[in-house]
Amino acid sequence: MSRETSLFCPSVLLTEGWVENVLLRFDDRGVITTVERGAQPGGTQARGPVVPGLPNLHSHAFQRAMAGLAERAGRTEDDFWTWRDTMYRFLARFTPEGLQAVAALLYLEMLKAGYTSVAEFHYLHHDRDGAPYADRAENSHRIVAAARETGIRLTHLPTLYAHGGFGGRAPTEGQKRFLHTVEGLLGVVESVRRATAAEPSVRVGLALHSLRAVTPEKLHEALAGINSLDKQAPLHIHIAEQVKEVEDCLSWSGERPVQWLLNHVPVDSRWCLVHATHLTPEEVTRLAASGAVAGLCPTTEANLGDGLFPAVDYLRQGGVFGIGSDSHISVSAPEELRLLEYGQRLVARRRNVLRVGSEDSVGAGLYRAAVAGGARALGLSAPGLEVGAPADLVVLDADHPKLYGRTRDALLDSYLFASGSDCVRDVMVAGRFVVRDRHHPSEDTLLARYRRELDRLLAVA
């Protein structure tokens, strides 16, 4: 995958809006250096309308292998917690080689689905018996290797997971592969930072699994540690996903999860609060004002029965959001945004609910907002397509029956609400075409390796 030096775009969605006949020039890192308007066709030309690639701000790569395998009704009412038990049993079989195989296939799928970058919320740290590998960052290096193989931009988030519940409760047997001390977790962060120091397409931050998995003391110790390495590092946390989590947090602290975090931690634009499903009106206002990103994963949240984020009030107050595919029950950028809007329509019993700012087009407003919020959550240099931003973009197929005759914002409306990933034709990351005519150059090899790994995983199910 050689890097292009420029790309002529007949029509492109820049940060400022749609513009025709634009020449984008890139430096040797794949960063946009020039946006020339009124250009003449020449050189490498985009074969359709160009839009910025969407960042996927929340991924657990290993869960791709179990997508669809937890859809059988149990003897009790199924919920997030029964799904989690299934997940624990499944992940016990993973090896580092298997993790890389699954992650690489997933990242290839993301690219073909319109994502150009991913934040990997990584807590599968140790061997199957819970013992550290000889290289304690072994599985993190496997995630980085999968990103390299596919060409996706990666924000890697080694995740602190220390306890089994609020107040420092002892972990369960199913959680043994996740557990780390703060010192051990920061060692993983440092190891990945050293290994990727020369790679501009890899960013390293830190995640806290949740308030139930990290005591206040460990939370503050981890934040001090990452700040000593990188004061701009992205910070992510699962929060307020389930009603039980809110109730348990109230019992432990007298405060709700988001309320506790905002009261005890300097939450700002470095933070991504993943899910944040169950919020009071006051929490909505405070979260929107903080500059933090609400990390929404509508297909996973629907699959797990989490509930609906209060998106109408949040966007009305200028809140920032991005989207992620989380458990990968679906890997489709358009579907996440479509379901985000449709969930609100079902609650409000009306149409075109999530209007972003003064945007008339619901699809275009949601898309632009998810690009900007996702870039913030991943710690990217700039959102969208502009000078100084990475050349991460998607070329849509304007001849596809579901997009034919659509231009500008009408194109995005049809892409989000009437079509899907099959309308993605070409994908560029850091100035390199990683998908051409819906095909990745390593697709056959990565798919064959994934199938071999699934044969092994399912044979011991």
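Q: In which loop is aspartate 78 found?
A: In this predicted model, aspartate 78 is found in the loop between β5 (54-59) and α1 (80-91). Its relative accessibility is 46%, so aspartate 78 counts as partly exposed.

Q: Which residues gather with Asp78 in a patch of negative charge on the surface?
A: Asp78 gathers there with Glu71, Glu77 and Asp79.

Q: Are arginine 345 and glutamate 341, whose side chains meet in a salt bridge, buried or exposed?
A: Buried means under 20% relative accessible area, and therefore arginine 345, at 13%, counts as buried, as does glutamate 341, at 0%. The N to O distance in this salt bridge is 2.6 Å, and the two residues lie four residues apart in helix α11 (residues 333-348).

Q: What are the accessibilities of arginine 355 and aspartate 360, whose side chains also meet in a salt bridge?
A: Arginine 355 is partly exposed, with a relative accessible area of 47%, whereas aspartate 360 counts as exposed at 68%; their N to O distance is 2.9 Å.

Q: Which residues are linked in a network of salt bridges?
A: Such a network links Arg47, Arg425, Asp426, Arg436 and Asp437.

Terms used
Residues are numbered from 1 along each chain as its sequence is written. This is a predicted model: local features need pLDDT of at least 70, side-chain atom pairs count only at pLDDT 80 or more; totals for chains, interfaces and linings use all residues. Side-chain values use heavy atoms; hydrogens and water are left out. Patches are made of residues with over 30% relative accessible area and no salt bridge: like charges are joined within 9 Å, nonpolar side chains (Val, Leu, Ile, Met, Phe, Trp, Tyr) within 5 Å. Accessible areas come from the Shrake-Rupley method with a 1.4 Å probe; for residues, only the protein chains shown count as cover. A salt bridge is a side-chain nitrogen of Lys or Arg within 4 Å of a carboxyl oxygen of Asp or Glu. Lys and Arg count as positive and Asp and Glu as negative; His and the chain ends are not counted. The place of a charge is taken as NZ of Lys, CZ of Arg, CG of Asp or CD of Glu. Buried means under 20% relative accessible area, exposed over 50%, partly exposed in between (1.4 Å probe, protein chains only).
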